[in-house]
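Here's a quick tour for anyone meeting this protein model for the first time. Have a look at it, then read on.

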Amino acid sequence: MLKLYGGAFSRASLIKWYLEELNIPYEFVLLDMQAGEHRQPEFLKINPIGKVPAIVDGDFQLWESGAILLYLTEKYGQKPLTTEERAIFTQWVLFANSTLATGIFVESNREREMPRLLTPLNEIFDRQPFITGNEFTVADVAVGSILGYIPIMLKLDLSAYPAVVKYIQQISERPAFQKSIANRG
């Protein structure tokens with residue numbers, strides 16, 4: 001069984017979300033980050049950087065949330081991916097983890113970056129229900145987790161982006177989101 005290592009209030013919750021969406025059985029291994037369990041030799045064999053999330057899937061080990069998301073969609077997704085689909089998913093996962101996350105969560109960037117990032121996302125969600133079209137994908141887990149944390153953690157005024165607000169509401173109502181992000185365990 002796949003093992004997911006994470007801490008309370010860590011990015012492991014977005015991996016949980018995707019595992020729940022894919023209906024993949026997994027064991028969640030909660031590391032006590034305050035006690036430094038992520039810096040112990042046993043965990044450092046899985047991730048020498050000592051960060052969570054990390055997974056062990058059989059003999060395979062992987063860390064870094066974006067890499068894990070892409071691995072899960074490749075291995076457990078509903079259909080084989082074309083090179084182009086894989087590239088699009090990679091684009092959105094990298095965008096979420098670097099550009100969107102730092103634009104929203106780094107306070108010194110927020111005023112400048114929020115309009116640059118949320119205006120085009122608002123236009124996308126005006127045209128279609130999900131990032132890449134009419135189907136929920138790994139891109140929605142990556143981007144949706146960042147956007148979904150805004151009302152939970154930041155309480156920013158998003159009234160200028162009504163389609164983004166609608167998207168956040170839509171994804172936050174998904175049962176897998178409720179089991180993972182909303183509970184933030």
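This is a predicted model: local features need pLDDT of at least 70, side-chain atom pairs count only at pLDDT 80 or more; totals for chains, interfaces and linings use all residues.

Part of H3 is tucked away: Ser 65, Gly 66, Ile 68, Leu 69, Tyr 71, Leu 72 and Thr 73 are its buried residues. These pack against quite a list of partners, including strand E1 (2–7), helix H1 (12–22) and helix H6 (138–154).

## Salt bridges from H3

There are seven salt bridges in the structure. One of them pairs Lys 75 with Asp 57, with 3.1 Å between the closest N and O atoms. Lys 75 sits in helix H3 and Asp 57 in strand E3, so the bridge ties together parts 18 residues apart in sequence. Lys 75 is partly exposed at 46% relative accessibility, while Asp 57 is buried at 11%.

Glu 74 has a partner too: Arg 86, at 2.8 Å between the closest N and O atoms. Here the link runs from helix H3 to helix H4, so it joins parts 12 residues apart in sequence. Glu 74 is partly exposed at 41%, and Arg 86 is also partly exposed, at 32%.

Now for Arg 112 and Glu 113, whose side chains meet in a salt bridge of 3.2 Å, N to O. Salt bridges with shared partners join Arg 112, Glu 113 and Arg 116 into one network.

Definitions and conventions: Residues are numbered from 1 along each chain as its sequence is written. Side-chain values use heavy atoms; hydrogens and water are left out. Buried means under 20% relative accessible area, exposed over 50%, partly exposed in between (1.4 Å probe, protein chains only). Helices (H or I, at least four residues) and strands (E, at least two) are DSSP runs, numbered from the N terminus. Contact means heavy atoms within 4.5 Å. A salt bridge is a side-chain nitrogen of Lys or Arg within 4 Å of a carboxyl oxygen of Asp or Glu.
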